[in-house]
Amino acid sequence: MRRLELALFVLVAVLAAALLLSRRGEGPPPSPYCRSGPPLAGVYHPSRLHVRRRCAVATGVVTKVKFEEFDGDVHIDLRVDDRRLLSDGNDRVGGALVVEIVPQDRSTVPIPQPGTRVTVVGPWVDDTAHGWREIHPAWWISSGRLLPASPRELGRVDSLLRDTSSDKEDR
C-alpha cells in the first residue's frame, strides 16, 4: 500500500511540474488594452494576415495617416523605436510599421496626427498580401482624435465582412 501512495505522489508531482513548465512562457498580456477573443475580429480578409503575436505594443512617431475608402480602415505609418517589429517588406512603406484601425473601432480608438509620438496596442501580424508587418487591428492608441466611422463606412465594411464569411462557407 505504501508503494502505491508513493507512486501516486510522484505522479502528481511530475504532472504539477509539467503544468508549471508548460505555462512558464505565458504571462500577463503586455498591455491592459489587449483584447480577448479572436485577434482579427472585424478585419476584412483576415486569411491574408498571419498572427505573429496576438497582442503587441509598439511605440514611435506617426509619419502618415490615410483613410482607406474601400474597407474603411485608417492606415497609419509608424516609425517605430523597436526595428525588430519590421520585416524587409516594411521598406516599401518607408521603413514604417503599418497600423490599421478598423471602422468598428473608430469610436474608441483615436486617430493620431502625423508627427505625434504614440504607443499602439493590437495583434502584430505579417500581411502576406503585401509582404510587410503590421499592428492590425489597432485596439488602442495613446493619443489622437476620435472620429467614428460614418453609417456608410460601417455599412460598407459589414457588407465586405459578410462577403468574406460567405466565401469561407463555399470552401
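A residue counts as buried when its relative accessible area is under 20%, as exposed when over 50%, and as partly exposed in between (1.4 Å probe, protein chains only). By that criterion, 39% of the 171 residues of the protein are buried. The model is predicted: local features need pLDDT of at least 70, side-chain atom pairs count only at pLDDT 80 or more, and totals for chains, interfaces and linings use all residues. Residues are numbered from 1 along each chain as its sequence is written, and side-chain values use heavy atoms, with hydrogens and water left out.

Begin with the whole chain, coloured by secondary structure. The protein has 2 helices and 6 strands, in the order α-β-β-β-β-β-β-α from the N terminus. Helices (H or I, at least four residues) and strands (E, at least two) are DSSP runs, numbered from the N terminus.

Next, select Cys34 and Cys55. They form a disulfide (a pair of cysteine sulfur atoms within 2.5 Å), with S to S at 1.8 Å. The link is left-handed, with -80° about the S-S bond. Cys34 lies in the loop between helix H1 (2-23) and S1, and Cys55 in strand S1, so the pair ties together parts that are 21 residues apart in sequence. Cys34 is buried at a relative accessible area of 17%, and Cys55 is buried at 5%.
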